[in-house]
Number of protein chains: 2
Amino acid sequence: MIRCGIIGYGFLGTRLAQALTDYRPRGLLLTALANSKGYIFSRDGFDKQSLPRDLSTHRGFKQDTPLQLIEDGLLDLIVVLTPTNVYTGNPGLTYIREALRRGIDVVTADKGPLVVAYRELISTAKSAGASLLYEATVGGGIPVFSLARHSLRGDRIRSVRGILNGTTNYILTRMHFEGLPLDLALKEAQMMGLAERDPSLDLGGIDSACKVVILANALLSMDKRLDDVYVKGITQVTSDAVMAAKEMGMTIKLVGSIEGGHLSVAPRLVRLNHPLCVHGTLNAIQFRTEVMGELTLIGKGAGESTVSALLSDIEWIIDRRAVSRVGP
Amino acid sequence: MIRCGIIGYGFLGTRLAQALTDYRPRGLLLTALANSKGYIFSRDGFDKQSLPRDLSTHRGFKQDTPLQLIEDGLLDLIVVLTPTNVYTGNPGLTYIREALRRGIDVVTADKGPLVVAYRELISTAKSAGASLLYEATVGGGIPVFSLARHSLRGDRIRSVRGILNGTTNYILTRMHFEGLPLDLALKEAQMMGLAERDPSLDLGGIDSACKVVILANALLSMDKRLDDVYVKGITQVTSDAVMAAKEMGMTIKLVGSIEGGHLSVAPRLVRLNHPLCVHGTLNAIQFRTEVMGELTLIGKGAGESTVSALLSDIEWIIDRRAVSRVGP
């Protein structure tokens, strides 16, 4: 049995936990749920009935760091859904680092650790024979890493472009179709729960830049950090500029790109009939490969669709462990 | 060593052969090249220098059916690139059936055999422990089956819609953007080599319907044939209808769909800013899944990008054979 713990028990964590209670027949037990204040451990595994709604008020809640579970060897797989800090990578980075060192598999939706220490973590995972999977970090509803790993194997990715942030894309879409100024479109997005109260990471292009760093390191074997990305957000995009673009059959989108070794995030003119030109909160990622040419993937960027990305990673780990069990 | 033969040595076959000569270090030898008239066999495998430009005029060409190679146990993998007959499945069906029966792996770009006998072939492959892969049959530049197999494993596909035929999409695109009538747009496509002299399979929707059948059987575990698809082509789409759609911010596209057990191909109104609304010869495929929601893939439908699909399938087979060799 694979003993699995979830660190981070918010929107994503609760939904993932529900899905994972169905995995017992597949050989996976959900044995730990943790947040920043402590954890609940269940040796026999949670089922749908025994899943707590709220961790901290649940009996059995232990005020302690989840590192304890990792150090005590009580888990085989951790799913890290901690809040992202793109500058320090913590708290997620500490959990991931300690788990991988001990050969514990890691699935994460937290961008911070990968932006800060991608090469280190991959190399730690390799030495310890553990897996580090992160499909949920970029385009939650777009299986970009899985696709590259499995479906482009006879091929080689040369460049990547993408609309990687749903909040800014929603704002730019409203500016384009309704002629709204940026501040009004932002307020609307905040009211709909699509933008945070401090929207600076999204609007300033930092969230997109983090995703560009992860894509560059994972898909093009680069060794890049946030500092290596030229970043310009959308705060200076005016309604007039969007309208002028519209008259030419174009619009302005916040595009992240990796091209010829250069990483950038900036508002760019995109033709309205270009495959990359998606609207609302949709994300789009376009590869240019050597043999296949251009392939574009369009899907939801965040929310419940991210659960699908986490499950896909977890299934991969279940299968890998099944293969190595029957192997030599 | 995996001894690989290519049956069908036209545009795709010659390009694939060139790519496969690089696979010797990966454990694959290209040992046979065949067309409808005969074959050349090379026990030591072809390399870039020894690849014939034209089969029939090459010394060593044997006027005989390629079935001989299969029956004589001289191949471990065949790549079937025969011309498609969607009603009989032949000649590809015969080669594939005989190969699978003998436990020989098959990779194919020929739709006919799958449209006529999908369930039979899958079951034969299973009994004999052989693989049957067909990424190249639908959206050559879109890894749709590989993605479903690997990346949507914790999820379930509920419905599929797609623009699956590049020829008709080129014609409808020219009608939309240039206001051309259908017959002129068709002539243009024929002059550019995008439409065949007899375009009835494309324009009549049959090619799209074949792809719908393969998608339904492969992705939704159905057991459908061409007769099960409601098919309406684009021959009655008028310039006036396209212009009327354009005025409403829409256009007319030939859409194949699988929804609630029903398979259809028909001209449909699509919003210009819908992810599925791609132009020129591009193809687009959209899944709706239980967890992830909607995912759209956009890429080239045919041509050289199809080589990428074939290579991806071949790599999968190389890896599978490597795993079973080290297994118990």
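In this predicted model, the side chains of B:Glu290 and B:Arg156 meet in a salt bridge, with 3.6 Å from N to O. The two residues are 134 apart in the chain. B:Glu290 sits in the loop between strand 11 and strand 12 of chain B. B:Arg156 sits in the loop between helix 5 and strand 7 of chain B. B:Glu290 is partly exposed, at 40% relative accessible area. B:Arg156 is exposed, at 57%.

Now follow strand 7 of chain B. It covers residues 157–163 and pairs with strand 9 of chain B in the antiparallel sense, over three bridges. Here B:Arg161 has B:Ser257 as its bridge partner. Strand 9 spans residues 250–259, and nine of its 10 residues are buried. Strand 9 also runs antiparallel to strand 10 of chain B, joined by 10 bridges. There, B:Gly256 is partnered with B:Val265. Two residues lie between these strands in the hairpin, and B:Gly260 takes a positive phi near 55 degrees.

Turn to chain A for another salt bridge. A:Lys111 and A:Asp207 form one, with their closest N and O atoms 3.3 Å apart. A:Lys111 lies in helix 4 and A:Asp207 in helix 9, so the pair ties together parts that are 96 residues apart in sequence. A:Lys111 is buried, at 13% relative accessible area. A:Asp207 also counts as buried, at 11%.

Finally, take both chains together. A rotation of 180 degrees, with 0.0 Å of shift along its axis, superposes chain A on chain B. That is the relation of a two-fold axis. The same surface serves both copies: 100% of the contact residues of chain A recur in chain B. A network of salt bridges links A:Arg26, A:Glu315, A:Asp319 and B:Arg153.

Definitions and conventions: Residues are numbered from 1 along each chain as its sequence is written. Chains are lettered from A and ligands numbered from 1 in the order in which they are written. This is a predicted model: local features need pLDDT of at least 70, side-chain atom pairs count only at pLDDT 80 or more; totals for chains, interfaces and linings use all residues. Side-chain values use heavy atoms; hydrogens and water are left out. Buried means under 20% relative accessible area, exposed over 50%, partly exposed in between (1.4 Å probe, protein chains only). Helices (H or I, at least four residues) and strands (E, at least two) are DSSP runs, numbered from the N terminus. Two strands pair if DSSP finds at least two bridges between them. Copies are superposed by least squares on the C-alpha atoms of residues with pLDDT of at least 70 in both. Contact means heavy atoms within 4.5 Å. A salt bridge is a side-chain nitrogen of Lys or Arg within 4 Å of a carboxyl oxygen of Asp or Glu.
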